[in-house]
2 protein chains.
Amino acid sequence: MHLGVFVLGTGNHIAGWRYPGAADSFLSLKGIQTIAATAERGKFDLLFLGDGLAAKMGDHPSFLVRFEPITMLAALAASTTHLGLGATASTTYAEPYNIARLFASLDHLSGGRSAWNAVTSSGAGAGANFGRVHPGHDARYEVAEEFVDVVRGLWDCWDDGAVIADRQTGQYVDASKVKALDHVGRFFQVKGPMTTARCPQGRPVIIQAGSSEPGLALAARTAEIVFSVVQDLSEAKLAYRALKSRLPTYGRSATDVALLPGVMPVIGRTDAEAREKLNTLQGFLGPTSALIMLSGRLGMDVSGFDPDDLVPDLPLPDSSHGFARAMLSKARREAMTWRDLSNLTGAARGHWVICGTPERIADILQEWFEADAADGFNILPPYFPQSFDEFVDLVVPILQERGLYRRDYTGTTLRDHLGLPRPASVMFGDAA
Amino acid sequence: MHLGVFVLGTGNHIAGWRYPGAADSFLSLKGIQTIAATAERGKFDLLFLGDGLAAKMGDHPSFLVRFEPITMLAALAASTTHLGLGATASTTYAEPYNIARLFASLDHLSGGRSAWNAVTSSGAGAGANFGRVHPGHDARYEVAEEFVDVVRGLWDCWDDGAVIADRQTGQYVDASKVKALDHVGRFFQVKGPMTTARCPQGRPVIIQAGSSEPGLALAARTAEIVFSVVQDLSEAKLAYRALKSRLPTYGRSATDVALLPGVMPVIGRTDAEAREKLNTLQGFLGPTSALIMLSGRLGMDVSGFDPDDLVPDLPLPDSSHGFARAMLSKARREAMTWRDLSNLTGAARGHWVICGTPERIADILQEWFEADAADGFNILPPYFPQSFDEFVDLVVPILQERGLYRRDYTGTTLRDHLGLPRPASVMFGDAA
């Protein structure tokens, strides 16, 4: 089983910062260093950061007031030794050459622990910050496909062993082990090579979180980790199969990609105590912030609906399919009202919430893992640092005792943790 | 007197890595942490990194194989407490929204120590990595003027005190203290606001290194630090006056901008030992790498010229004026051959080299400082770590004894070190 922790400094619960003793700012270097240290204590595969390119008043505090993700991970590279460091970066509002450099640099700084969540920016607000009309869903994925190829190509421009640094002869680089990319595509023309040597991991790990058809295709072709949004075991099993069955098309096997659904664990000494904790958190929800987030998830303004009305069938939005599909499906199954759905969104932004004793949490994770619904989980602690401490100190040991989870790291790179080989550059053939 | 250190991990001398015991890789987190710790021991104002967006085989090893600068500084933010952290980022091949976020994030991570060297990319090779024709010199500066304004505007979107985080009421942000930028200009349309609170420094420090007319204008209007290329005291005094005399046009005074010429100190126990050390370094120069760099500096291929011919009068290149002007002027004054000029370029990439005992080095720096030719210096150690240790342990104490340089930090932010006030946001009037 693989574990990641999704870090929003004020907690993944939209009002988690109001919990007694919880951190109330994402802008604390010490705060994120503490979270990262806890993740390493729990032998986590990676720490992960989302991102957004537009500020919406009333949004989740940690979406609104935050570090830029890649710089934050670079700072954490200096205070950690094993933890994978993953961040979201947009294929819609950045240049492949810049993105390739940033994640390669993070890989060098961390000794082989960087991962790039290649997203197509879903928020329509981003366009206005880049002087552009936000492209539609499928158009964004067309760009993303080429963008990811260019970035991977740039990472492959330097072969291993290109840096010689021979003091005697004065030769620093073996130029035969460095090639230009010479990419000329539909959206990008990028010559290369990069301004750095091949990464410790060969290539940084690629993460994908798309669940639409184009998103799944991109994930199946290029990703080593896939994050997903789930609310239901049977749907999770279908999604698991949908991803894994696509892999052979691209010459890949089921073990080449780890599917990690997001889950918010709310832990108590008894199930009742855990339920009480969740109730406390839900009681902190203001009337608007969850609605703003739900509107974003569904791609429509839902603030005008009667909170007591049932959620109707709605089309999937242009922004992002994953959250909307899982949430609308759950609303339909459970006959939820707008108020119910808004509360669910406020809790974990549309992710799955589980609640109970450490044993119950471990039972559920084990059940999903063994039912081929997940290769592990992206853990979303509702607040920091206490609720993450509880997961690491109370749930992880149970998973370890059951033989489901590592007791210690057996390698140093994120690819090591994922059981993936270090890829050779495709530019240099078998010699690489 | 203000001091910065220009870090190229294998040394600023193009062949510094061949010096016995010197570091031979820029890709070492431990290596850069050691340099940063030495800079803090020497109470330096800042550590500075250049950048380039194209890899040229045979180039300076630390231009070719390196960390991306902003991620590297983010990593150093975690291991330092006072040192200013400055990096180059292009206004030609990036988006203002992304650049504003990166340096704001670095400022938050470092507690107010970030600085952005806003350059127009000089290397023609960069265009090919971004699918664009590299714009001409003056066109790049037109974009840069607007780019810097947008970035500063984004930094001003959040007023101090906008983050409330009131656990009782659940109010996280005071929305009246956050404004959109709504910039609509010739090159950029950027709505804002940023996805983070106002920086510890208000705004990160802005560095400029332009010496052309448009470069000087941008520097005089927006920069708090200016790096310059000098080879001669009388020319340095003229350049100093040229910058300072422009400041009142923009409502600024001489103390608002620190002009720091670049200088490579080669230090020995005797002048003869220092000269011997420089000769050793020059003996490490290969036949091609200095010529590649000289060609870049002059914007023309100089490899075909007879090394024994005198350097003729040449026009300033489209790439960058500063280096070419200083080097061609020196070549004319001193009747240098192509070989001489190539050797000079190999030493410090066109920067000024001084050589001698610690006392002699201190004398020269003091003379320039007191002659109104410099507010301090950007120190370019020829190799690391030893030659930087020598400067900090042998030259800095002399400057301190003479009352020219601080014995300890008196503040924590880079603006503190520079004696600059923390700027209020222009968007929120006197209330800010």
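Predicted model: local features only at pLDDT ≥ 70, side-chain atom pairs only at ≥ 80, totals over all residues.

Q: What is the area buried between chain A and chain B?

A: The size of an interface is often given as the accessible area lost when the parts come together. Between chain A and chain B the buried area (the accessible area, with a 1.4 Å probe, that two parts lose on being put together, summed over both) is about 5,500 Å², and carbon and sulfur atoms give 62% of it.

Q: Which rotation superposes chain A on chain B?

A: Two copies of a chain are related by a rotation about an axis and a shift along it. Here a rotation of 180 degrees with 0.0 Å of shift along its axis superposes chain A on chain B, with an RMSD of 0.0 Å (least squares on the C-alpha atoms of residues with pLDDT of at least 70 in both copies). That is the relation of a two-fold axis. Of the residues of chain A, A:Ala75 comes closest to the rotation axis, its C-alpha lying at 2.0 Å.

Q: How many residues of chain A are in contact with chain B?

A: Contact means heavy atoms within 4.5 Å. By that rule, 70 residues of chain A are in contact with 70 residues of chain B.

Q: How many salt bridges are counted between chain A and chain B?

A: A salt bridge is a side-chain nitrogen of Lys or Arg within 4 Å of a carboxyl oxygen of Asp or Glu. The count between the two chains is 4. One of the pairs is A:Asp51 with B:Arg101, whose closest N and O atoms are 2.7 Å apart.

Q: Is A:Arg406 buried or exposed?

A: Buried means under 20% relative accessible area, exposed over 50%, and partly exposed in between (1.4 Å probe, protein chains only). A:Arg406 has 18% relative accessibility and therefore counts as buried.

Q: Which residues is A:Arg406 in contact with, leaving aside its neighbours within four places in sequence?

A: They are A:His2, A:Lys43, A:Phe44, A:Asp45, A:Gln400 and A:His417. The backbone oxygen of A:Lys43 lies 2.7 Å from a polar atom of the side chain of A:Arg406.

Terms used: Residues numbered from 1 in each chain as written. Chains lettered and ligands numbered in written order. Heavy atoms only, no water. Polar contact = N/O pair within 3.5 Å; in protein donor to acceptor, adjacent residues only side chain to side chain.
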